[in-house]
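Please look through the sequence and the structure below before reading on. The report that follows takes up the sheet, then the helices, and then some loop residues.

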Amino acid sequence: MKSTKFKIEELVPLRLINLIHKDLLWKLIDDDIIIAIDKIKEVFPKGSMSINTYLWSGNRTQSGVRTKNSEYYSETSQHSLGKAIDCVFGNYSTDEVREYILANQDEFPTIGGVELGTSWLHIDVRPRRNGKIITFTP
């Protein structure tokens with residue numbers, strides 16, 4: 001599945017872009033995270049929703065899939081499984097988006113985890129607990 005709102009460069013590290021055909025890279029991303037990010041962008045359409053930004057000379061490079069070469073790699077991280085993203089918004093505060101997702105969980109059925117207490121939004125598609133999004137702190 002491919003996102004209708006994001007380029008593959010926004011979801012994988014530059015190193016992979018240079019090694020693997022883009023059509024194959026989409027297979028590294030869990031369909032549920034693609035559904036989730038496309039839905040978030042639909043609900044919050046104004047301005048940017050930035051994941052990896054290296055394509056535009058930005059400094060966000062580790063906010064999607066993380067490989068063993070990543071400074072933040074962990075074999076148990078949802079990022080390493082293609083099931084998580086971190087993002088920031090141009091026209092909305094992270095808290096505003098996070099609070100909306102948590103208050104309207106039925107609108108985001110594929111989101112299973114949301115990190116609290118960060119300046120960025122971390123979402124992942126782990127299984128929910130008792131039908132509810134799991135919240136956690138870094």
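## The sheet and its surroundings

In this predicted model, strand 3 (residues 113-115) and strand 4 (residues 121-124) run antiparallel and are joined by 2 bridges. Within this pair, Gly113 stands opposite Asp124 in strand 4. In general, the strands of a sheet pair through backbone hydrogen bonds, and the pairing may be parallel or antiparallel.

The open sheet as a whole is formed by 5 strands in the order 1-2-4-3-5, with mixed pairing. Strand 1 (49-50) and strand 5 (134-136) stand at the edges and have a single partner strand each, so one side of each is left without a neighbour in the sheet.

| Helix | Strands it lies across | Angle to strand 4 |
|---|---|---|
| Helix 3 (residues 31-43) | strand 1, strand 2 (84-89) and strand 4 | about 140° |
| Helix 4 (residues 94-103) | strand 2, strand 3, strand 4 and strand 5 | about 30° |

Ser57, however, has a positive phi of about 65° although it is not a glycine; Ser57 is found in the loop between strand 1 and strand 2, and Ser57 is exposed, with a relative accessible area of 72%. Asn130, in the loop between strand 4 and strand 5, likewise has a positive phi, near 55°, and counts as exposed at 76% relative accessibility.

Finally, Leu19 lies in the loop between helix 1 (14-17) and helix 2 (22-25) and is exposed, with a relative accessible area of 59%. Together with Ile20, Leu24 and Leu28, Leu19 makes a nonpolar surface patch of about 350 Å².

Definitions and conventions: Residues numbered from 1 in each chain as written. Predicted model: local features only at pLDDT ≥ 70, side-chain atom pairs only at ≥ 80, totals over all residues. Heavy atoms only, no water. Patch = residues over 30% accessible without salt bridge, like charges linked within 9 Å, V, L, I, M, F, W, Y side chains within 5 Å. Areas by Shrake-Rupley, 256 points an atom, 1.4 Å probe, with all protein chains shown as cover. Salt bridge = Lys/Arg side-chain N within 4 Å of Asp/Glu carboxyl O. Helix = DSSP H or I, 4+ residues; strand = E, 2+ residues; numbered from the N terminus. Buried < 20%, exposed > 50% of the residue type's maximum accessible area, 1.4 Å probe, protein only. Pairing = 2+ DSSP bridges. Contact = heavy atoms within 4.5 Å. Axes fitted to C-alpha atoms, helices over the stretch in contact; angles between N-to-C directions.
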